[in-house]
Amino acid sequence: VWFTEPSSNAIGELIPNFSNPGASTWHQWTAPTANAAPFDLTFDSHGNLWFTEIDANQIGEFSNGTISETPTPTGGSKPYGISGPDPASGQIWFTENNAAVAKVASFTPPASGSLTTSNIKEYNLVNPGSSATPHLITYDYSGNIWWTEGPNARIGRLTIAQAASGTSNG
């Protein structure tokens, strides 16, 4: 069982022992950036764990016992929810929760090596600067991306067939 620990700046793993719960094993890995606040997580198709670092404006990757971090293309974006991999494209999607930024973004996890900022595609929400703060995110079986928008009580959708990175098309 994998989980994030925003208040202790770490990700953790519990390996349960169902016959003897007291013998369960716990592991913890601290994010390299102080006060990064790992928040949400998902696995890619290669078995690597990806997570958002809401207070460091980064995406974290845990692979082979090591955490790597990649800054989001837009500074101050406060990445929040993360989901994937999308079965249609293999992409992982995340939200950028700052109302002044208000974007959703995606990347294809590299088969080897580290993710780079230039490999992240961002999509603008229709009403940035309002109370549109994208939170949790998922996809449907048609490949469309869906997210919740915090205090404005809306749900957003990105229609991939009409989408263009860097715009609000779609």
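This briefing describes selected local features of the structure above, grouped by topic.

The model is predicted; local features require pLDDT of at least 70, side-chain atom pairs count only at pLDDT 80 or more, and totals for chains, interfaces and linings use all residues. Residues are numbered from 1 along each chain as its sequence is written, and side-chain values use heavy atoms, with hydrogens and water left out. Helices (H or I, at least four residues) and strands (E, at least two) are DSSP runs, numbered from the N terminus. The largest nonpolar core has 10 residues, and a search of the whole structure finds nine aromatic pairs.

**Aromatic pairs**

- Rings of Phe, Tyr and Trp (its six-membered ring) pair if their centres lie within 6.5 Å; planes under 30 degrees apart count as stacked, over 60 as edge-to-face and the rest as tilted.
- Nine aromatic pairs are found in the whole structure. The ring centres of Phe 39 and Tyr 80 are 4.5 Å apart and the planes stand at 45 degrees, so this pair is tilted.
- Phe 39 in strand β4 and Tyr 80 in strand β8 (residues 79-83) are 41 residues apart, and their pair links distant parts of the chain.
- Phe 39 is partly exposed, at a relative accessible area of 31%, whereas Tyr 80 is buried, at 17%. Here buried means under 20% relative accessible area, exposed over 50% and partly exposed in between (1.4 Å probe, protein chains only).
- The rings of Trp 93 and Tyr 123 form a tilted pair, with centres 5.4 Å apart and planes at 35 degrees. Because Trp 93 belongs to strand β9 (residues 92-96) and Tyr 123 to strand β11 (residues 121-124), the pair ties together parts that are 30 residues apart in sequence.
- Both Trp 93 and Tyr 123 are buried.
- A cluster of Trp 2, Trp 29, Phe 43 and Phe 62 is linked by ring pairs.

**Nonpolar cores**

- A nonpolar core is a set of buried Ala, Val, Leu, Ile, Met, Phe, Trp, Tyr and Cys residues joined through side-chain atoms within 4.5 Å.
- The largest nonpolar core includes Trp 93, Tyr 123, Ile 137, Ile 145, Trp 147 and Leu 158 among its 10 residues. Apart from it lies another core, of nine residues, including Ile 92, Phe 94, Ala 105 and Phe 107.
- Ile 145 is in contact (heavy atoms within 4.5 Å) with residues including Asp 86, Trp 93, Ile 137, Gly 156 and Leu 158, when neighbours within four places in sequence are left aside.

**Strand pairing**

- Two strands pair if DSSP finds at least two bridges between them.
- An open sheet of three strands has the order β12-β13-β14, with antiparallel pairing. The edge strands β12 (137-139) and β14 (155-158) each have a single partner strand, so one side of each is left without a neighbour in the sheet.
- Neighbouring strands of this sheet are turned by 25 degrees against each other on average, direction ignored. The axes are lines fitted to C-alpha atoms, for helices over the stretch in contact, and angles run from 0 to 180 degrees between N-to-C directions.
- Four bridges pair strand β13 (residues 145-148) with β14 in the antiparallel sense, and Trp 147 has Gly 156 in β14 as its bridge partner.
- Strands β8 and β9 run antiparallel and are joined by three bridges, with Ser 83 opposite Trp 93 in β9.
- Five of the five residues of β8 are buried, so this strand is largely enclosed by the rest of the structure.

**Polar loop residues**

- Asn 48, in the loop between β4 (38-43) and β5 (49-53), counts as buried at 11% relative accessibility.
- The side chains of Asn 48 and Ser 63 make a polar contact at 2.9 Å. A polar contact is a pair of N or O atoms within 3.5 Å; within protein, one must be able to donate a hydrogen and the other to accept it, and residues adjacent in sequence count only if both atoms are side-chain atoms.
- Ser 77, in the loop between β7 (66-71) and β8, counts as buried at 0% relative accessibility. The side chain of Ser 77 reaches the backbone oxygen of Thr 74 at 3.4 Å.

**Backbone geometry**

- Most residues other than glycine have a negative phi, and most peptide bonds are trans.
- Asn 35 has a positive phi of about 55 degrees and is exposed, at 63% relative accessible area.
- Ala 37 has a positive phi of about 60 degrees and counts as buried at 7% relative accessibility.
- Gly 84 and Pro 85 are joined by a cis peptide bond, with omega about 0 degrees; Pro 85 is in the loop between β8 and β9.
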